[in-house]
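Visitor: Please show me the model. I have a few questions about it.

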Amino acid sequence: GEDVKPFTPENTKEIVMSLQQPAVFCNMVSNWPALHWNAEYLSALLGGRTIQFRLGLKTMDLVPQFETRCSYVKATLEEFLAWSCGQPCVSGPFSCYEYSKYWAYADYKYIARIFEDKPEVFQDIRWSDFGFPGRSGKESTLWIGSEGANTPCHLDSYGCNLVLQVQGRKRWHLFAPGDTRFLYPTRIPYEESSVFSKVNIANPDLKRFPEFRNATAHVVTLSPGQVLLVPRHWWHYVESIDPITVSINSWIELDADHEARVEEAITRMLVCAIKSAENPRDGDLWLNPTEVEATSHEINLQYLNKAVSAYFKCPKASVSDWACSSSTGAEQRTSKRKKREIGCEPGGCRFLTREFDFSTFKAEKLPKIPFGPHLIAVLPQSQETSSAGAVALGSDGSSLLHEHAGGHFGKLHCTRKPLVMSNDCDTPAHQVDSDSSPNASPTTLSTNDLLDCLVNPHVVNLVARLLLERTRV
C-alpha cells in the first residue's frame with residue numbers, strides 16, 4: 001500500500017522553517033530509493049569514474065584539520081572501498097596513505113554534477129516529502145567517508161540544512177548560535193558562507209581557547225534512514241564513526257539570506273583586500289581550496305552593490321514572518337556553494353529585517369512542535385551527563401547520542417582550484433596553523449588576528465546594518 005508519513009509535507013515544512021533547535025526526523029524516508037545508495041551501489045553507478053578525496057590524519061591534533069591542511073587524491077569508489085577495508089595498496093592513489101593512520105572523505109559532491117549523465121537518479125531523493133515540491137537530488141550534495149573523516153566545526157551563513165544518513169553513522173556536535181563567542185570564530189581559511197571555529201572540537205586546547213568551556217554541545221549520532229535538521233547559524237562538527245558512511249544533504253533558503261549576502265560581501269572585501277596586501281609567506285594558504293582565487297577589489301565591490309540592491313528590491317517581512325521561506329519554486333533552488341548570484345524572483349522573495357544577534361526566538365513566538373517518536377529533539381549535553389549517557393532516543397529506544405567522548409551557498413566559482421597533491425606518507429600536504437606562521441611569536445599580533453576582529457560575525461552584522469541604513473537614506 002501507499003507509504004504513510006508521520007507528518008504531511010505542509011506540517012514538515014512548517015517544522016523545518018520554524019524550529020530553532022536541531023532535531024531528527026524518523027520514518028520519513030522509508031520509500032526513498034536513495035536509501036539504497038550505499039558505497040557499493042554508488043561505485044557501480046559511477047563505473048570507473050574518479051572523484052576527489054580529501055585525506056587527513058586520524059591522530060588528534062590541537063588545531064582543526066582545515067581543508068588547507070589536508071592531502072588530496074583522485075580515485076574511483078572501487079579503489080576507495082578496497083583501501084577502507086584495510087587491503088594493502090602497493091599502487092594506486094591510496095598507496096601512500098596507510099588506512100590505520102588516515103581517513104578519506106569525498107565530501108560536498110554535487111549530485112547534479114557527478115550524475116549529469118544519469119539525471120533519472122535525481123528522483124531517488126524526494127525532498128517534496130518535507131514540503132519542498134520539485135526539490136530532488138538535483139539540489140542535493142553527496143558525502144562519502146571512511147571512519148574518522150570529519151568536517152571542521154563551522155556555521156553556514158545561509159539557510160538551514162536537511163541531512164539524510166544513508167549508510168553508516170555520523171556523530172554531529174552542534175552548538176547554538178549563542179555560543180559563537182565561545183567558539184573563537186575565524187574567516188581564515190576564507191570560504192564564502194562558512195565561518196570556521198579555531199577550536200578542534202574533538203580535542204580542544206583549553207589553554208589556548210579557555211572560553212570553549214562555556215559552550216554547550218548538542219551531540220547526536222545519526223543513523224541510516226534518519227534526517228537531521230540543522231537550523232540557521234547552528235555550529236556543527238561532523239565525524240564518521242563507521243568504516244563507510246554515506247549521507248545526502250540539501251540547504252533550504254531563508255528570507256534572512258538576503259542580508260547575509262551583504263555581510264558575506266563585506267567579509268570578502270575585507271579579507272581579500274588585507275590578505276592580498278600582505279607579503280605572502282610560504283605555506284600561508286589563507287584561501288580555502290573551495291575558492292578559485294582571491295577576487296579583485298573591483299569584483300568584490302560589484303558584488304557588494306548587487307547584494308545591497310537585491311536587499312532593497314525584496315519586500316520586507318516582519319519578525320513574525322521569520323518562519324516563511326523565500327524560495328520554494330524549483331527555479332529558485334541552487335546548491336550552497338553556487339548561490340552567489342544576487343536577485344529576487346518576482347513575488348517569491350521576502351526579507352526578514354532583524355538584528356543578527358546569534359540568539360534564538362522565544363518559544364512563545366514559535367508554533368507548537370510535535371516532538372515524539374517521529375521527531376526527536378537534539379538536547380544539550382548537561383555537564384552532569386556522562387559521555388556514555390543518552391539524552392535523546394530513537395523511535396526504537398536506541399540512543400541517538402554518542403556512546404563515547406570524542407561546503408555554502410554563495411560561491412563565486414563553479415569548480416575547485418587545482419589542489420596540491422602530497423606524496424608524503426606521514427604528513428598531509430599542508431600542516432600550517434591557520435592563524436599564525438610556524439615561527440611566529442605567540443605575543444606577536446598577526447594579520448589574521450586583526451581579521452578575526454574585523455570580520456567577527458557580530459562586527460560584520462553591525463557594519464552591514466549601518467551600510468544598509470546609509471544606503472536607504
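Visitor: Where is the place of histidine 233?

Guide: This is a predicted model, where local features need pLDDT of at least 70, side-chain atom pairs count only at pLDDT 80 or more, and totals for chains, interfaces and linings use all residues. Residues are numbered from 1 along each chain as its sequence is written, and side-chain values use heavy atoms, with hydrogens and water left out. Helices (H or I, at least four residues) and strands (E, at least two) are DSSP runs, numbered from the N terminus. Histidine 233 sits in the loop between β12 (227-230) and β13 (235-240).

Visitor: Is histidine 233 buried or exposed?

Guide: Buried means under 20% relative accessible area, exposed over 50%, partly exposed in between (1.4 Å probe, protein chains only). Histidine 233 has a relative accessible area of 5%, so it is buried.

Visitor: What is phi of tyrosine 108?

Guide: Most residues other than glycine have a negative phi. Tyrosine 108, in strand β4 (residues 102-110), is not a glycine, yet its phi is positive, at about 60 degrees.

Visitor: Which residue does isoleucine 188 join through a cis peptide bond?

Guide: Most peptide bonds are trans. Here omega is about 5 degrees, and the bond is cis. The partner of isoleucine 188 is proline 189.

Visitor: Which side chain has a polar contact of 3.0 Å with the side chain of arginine 135?

Guide: A polar contact is a pair of N or O atoms within 3.5 Å; within protein, one must be able to donate a hydrogen and the other to accept it, and residues adjacent in sequence count only if both atoms are side-chain atoms. Arginine 135 is buried, at 2% relative accessibility. Its side-chain partner at 3.0 Å is serine 250.
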